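Student: I have a model on screen and want to learn how to read it. Where do we begin?

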Amino acid sequence: MPTPAHTLRLVEASAADLDRIMELECLGFAASHQEQRSAYAQRIATFPRGSLMAWRGADCVGCVFSEIWQSTPEPDAAHFELGHDIRERHAPEHGTELYISSMTLAPHVRGQGLGTALLRGCMAHAVQAFPGLRSAVLLVNANWAAARRIYAGAGFVEVARLDGFFGPSGGAPEDGLVMRRPLRHA
Ligand SMILES: CC(C)(COP(=O)(O)OP(=O)(O)OC[C@H]1O[C@@H](n2cnc3c(N)ncnc32)[C@H](O)[C@@H]1OP(=O)(O)O)[C@@H](O)C(=O)NCCC(=O)NCCS
């Protein structure tokens, strides 16, 4: 039976997924906004529970990465630097905030509602394993309309604006928006 269009199967990533992760990274982000392979390798090694590959049927169509932070009222630009080492802030024992560091879908499956499924799946997976989580936070480029719409639809609200955070990718620097939402437990 074919998999329903909105259904994603989320599977914890391993080092064997790094080639696909980097393909998705190149398809999803301009070169100046791409993470290095080593950053993803570190995330998988440190927090496999928060490193998820998304499958639709036999097709690996996306990935999402997260870490657990001690909550900071207003995270600043240093929290979100490209290439930051997950081990700097990841605190799974005491942290209460899920930081969603990256989310990408392959171009051929965009526009079908899977972005929302991927985001919600990531949060559900984390909350199940870490009942102490109270909120989720992320940074989005102010000009990435599809991502902003998904986050707003999932209840994220803007809590800070980082002027010119995203360096030029052919044009002027672009602002980053820090967005946050509460996490509820079943
Ligand atoms: C972000 C991403 C995962 C979303 O994928 P998706 O679920 O297929 O997104 P959609 O194309 O369905 O768009 C989501 C919503 O934004 C809307 N949207 C898309 N492009 C838009 C635009 N240019 N302007 C306004 N709204 C737009 C869609 O209509 C949709 O709204 P709806 O659900 O109310 O119909 C995907 O675009 C992606 O991988 N992008 C590259 C990487 C990226 O930007 N990741 C996010 C980093 S923060």
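The dialogue below goes from the whole chain to single residues.

Tutor: First, the ground rules. This is a predicted model, in which local features need pLDDT of at least 70, side-chain atom pairs count only at pLDDT 80 or more, and totals for chains, interfaces and linings use all residues. Residues are numbered from 1 along each chain as its sequence is written, and side-chain values use heavy atoms, with hydrogens and water left out.

Student: How many helices and strands does the chain have?

Tutor: Elements are DSSP runs numbered from the N terminus: helices are H or I with at least four residues, strands are E with at least two. Here there are four helices and seven strands. From the N terminus, their order is β-α-α-β-β-β-α-β-α-β-β. The radius of gyration is 15 Å, close to the 16 Å of the globule rule for 186 residues, so the chain is as compact as a globular protein of that length. That radius is taken over C-alpha atoms, and the rule is 2.2 Å times the number of residues to the power 0.38.

Student: What share of the residues is buried?

Tutor: Buried means under 20% relative accessible area, with a 1.4 Å probe and protein chains only. Of the 186 residues, 47% qualify.

Student: Which residues of H3 are buried?

Tutor: An α-helix has 3.6 residues a turn, so residues three or four places apart point the same way. The buried residues of H3 include Leu-114, Leu-118, Cys-122 and His-125.

Student: What is Leu-18 in contact with, beyond its neighbours within four places in sequence?

Tutor: Contact means heavy atoms within 4.5 Å. Leu-18 sits in helix H1 (residues 18–28) and is buried, at 7% relative accessible area. Past those neighbours, Leu-18 touches Arg-37, Tyr-40, Ala-41 and Ile-44. Arg-37 is 19 residues from Leu-18 in sequence, yet 7.0 Å away in space, C-alpha to C-alpha.

Student: And Arg-181: buried or exposed?

Tutor: Buried, with a relative accessible area of 13%. Arg-181 belongs to strand S7 (residues 174–182). Beyond four places in sequence, its contacts include Arg-120, Met-123, Arg-134 and Gly-155. Arg-181 and Gly-155 are 26 residues apart in sequence and 5.9 Å apart in space, C-alpha to C-alpha.

Conventions
Buried means under 20% relative accessible area, exposed over 50%, partly exposed in between (1.4 Å probe, protein chains only).
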